[in-house]
Amino acid sequence: MSESTASSSSSAKAVIGLCFVGLAAAVGVVCVGRARIKEEAEDDDYDTESEYEEEDYEEEYAEDEKLGVIYEETGDHQQAVEYQVEQYQQQQHQQRGFNEEKKEEYLSQEQLEEAAKMQRRKQLKKQQSEKAFALNEKGLALFEQGELEASLECYQQAMPLFEKNSMELATLYNNIGSTHQEMEEYPKALEHFKMALEIQKSLAPNSLELASTLSNIGGVLEEEEETLKESLEYYQFALQIQESLAPDSLDVATTRNNVGLVFKELGVLAEALQNYNQALDIQSRHNPNSLEVATISNNIGGVYAEQGKPTEAYHCFEKALTIRQELLPNSQSVAATLVNMASILHEQGKLEEALAKFNEALEIQEQEDDVDALDVAATYNTIGSIYQEMSNLDKALELFEQALEVQEQEDADTIDIANSLMNISYILRRQASYDESLDCYNQALELRQAEEGNEGVANTLNNIGVVLFLMGNLEEALVKFHAALELC
């Protein structure tokens, strides 16, 4: 048994030796690590206090190691092993704490540098943002003042300062698009509205901002007859979003009105009227005596007029006029409403009342500086036609000639000029001024042959034939009648 015991004892010692070798190796690794940290600390000019702490730690560990040796020499091998393991764990814990402390110092320096960089970036971004918003606001103010080129210049300067693919940049694109639209540069307007749309579709796919951009695109497409149906699709998509988020909002009312306009242009009067009435219902609840209510009422009146319902049309025009006269007296919108009312009265054969309304509208148009001169020419022609029906030919001729003069000065459409020439020719014919009448008819014929279809040309040829007949030139008259007949 003794041999067995001795054998056991030798085994125990062997195990202890292995444990100590393992511990020593581990301690060696740790010491190397600490030395490396110390060298780095010296290079970075750390204070000497950390060095003293390190030395105290080494002395303390040396004393503890001696105690482990005493346990071994006294034959208490188990106690020696447990003690050495405990000391090793304490050493590792202390070493980790020492390393973590140094690491925190390094991290804090790196974090400070990074924080400083971030602060500089934030400050620069803030400055750019403030400048961008200031330029955008300046552009909006210039737009309101009608300074469209200067407005665009501000927007272009602001563009690179906004963050890419941001909602702010989308708003800027919308502003640029609106400016191009006001300048009647529709392809450029459409391009920028669609750029805004792409950003908003990715960042806010079901937002009121997206709906607004869709409406803007619809407004551009509405300018061309061939894109009316596409315009309607954009308006209806915008309406779908708006009604899902704010069904009773003024945005919905505006879009409903726009949808009504497109339906009217397409000749779908029932749909136009339905959308106008829905828009009017919302606007009336929010602002019963607003210019928006006046506009929609005027639009509804236009539909009723085309449907052959003059009484309903006149009532709507009258409502629009009352609001406009109160809010914008003597404005072009008042003049336009008066013209609409006068047109209804004219169709009803109420010539005196119609003449009074037309003259009231003309007085406003002639006083306004920013009036479209061609609108004035149109009013001259209409009033002239009423005087013609009242057999006041001299007054009618005077107004037709005024209309022609304005049209020629303003480089009006050739068809409009041809129509004025036809009006003048008719009055001259009624006054038996055949040579002058024939001259005007021939001028009108030349313009119509260049621009119009067969119907307008045939009508002019027929009128020329009438004048030639009245002048006694029967053969020439017959030639003109045949030529007109061939075109019918």
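**Chatting through a helical model**

Student: Hi! How much of the protein is buried?

Tutor: Buried residues account for 38% of the 488 residues in the protein. Keep in mind that this is a predicted model.

Student: Got it. How many helices and strands does the protein have?

Tutor: There are 20 helices and zero strands.

Student: And what about contacts between residues at least 6 apart in sequence: what share join residues at least 24 apart?

Tutor: That share is 52%.

Student: Let's zoom in on H9 and H10. At what angle do their axes cross?

Tutor: Roughly 160°, and the axes come within 8 Å. H9 covers residues 250-265, while H10 covers residues 269-286.

Student: So are they roughly parallel or roughly antiparallel?

Tutor: Angles over 145 degrees count as roughly antiparallel, so H9 and H10 are roughly antiparallel to each other.

Student: Which hand is the crossing, left or right?

Tutor: H9 passes H10 in a left-handed crossing.

Student: Nice. Which residues meet there?

Tutor: On the H9 side they include Leu250, Val259 and Phe263, and on the H10 side Leu269, Tyr276 and Ile282 are among them. By type, the residues of this contact split into eleven nonpolar, seven polar and three charged.

Student: Switching to H15: how far does it reach from its first C-alpha to its last?

Tutor: H15 (residues 373-389) reaches 25 Å with its 17 residues, close to the 24 Å expected at 1.5 Å a residue.

Student: Which of its residues are buried?

Tutor: Val376, Ala377, Thr379, Tyr380, Asn381, Ile383, Gly384, Ile386 and Tyr387.

Student: And what do those pack against?

Tutor: Four helices are their partners: H13 (332-347), H14 (351-367), H16 (393-409) and H17 (414-430).

Note on methods
Residues are numbered from 1 along each chain as its sequence is written. This is a predicted model: local features need pLDDT of at least 70, side-chain atom pairs count only at pLDDT 80 or more; totals for chains, interfaces and linings use all residues. Side-chain values use heavy atoms; hydrogens and water are left out. Axes are lines fitted to C-alpha atoms, for helices over the stretch in contact, and angles run from 0 to 180 degrees between N-to-C directions. Helices (H or I, at least four residues) and strands (E, at least two) are DSSP runs, numbered from the N terminus. Angles under 35 degrees count as roughly parallel, over 145 as roughly antiparallel, 65 to 115 as roughly perpendicular and the rest as oblique. A crossing is left-handed if the near helix is turned anticlockwise from the far one by less than a right angle, and right-handed if clockwise. Contact means heavy atoms within 4.5 Å. Ala, Val, Leu, Ile, Met, Phe, Trp, Tyr, Cys and Pro count as nonpolar, Asp, Glu, Lys and Arg as charged, and the others, Gly among them, as polar. The expected span of a helix is 1.5 Å times one less than its number of residues. Buried means under 20% relative accessible area, exposed over 50%, partly exposed in between (1.4 Å probe, protein chains only).
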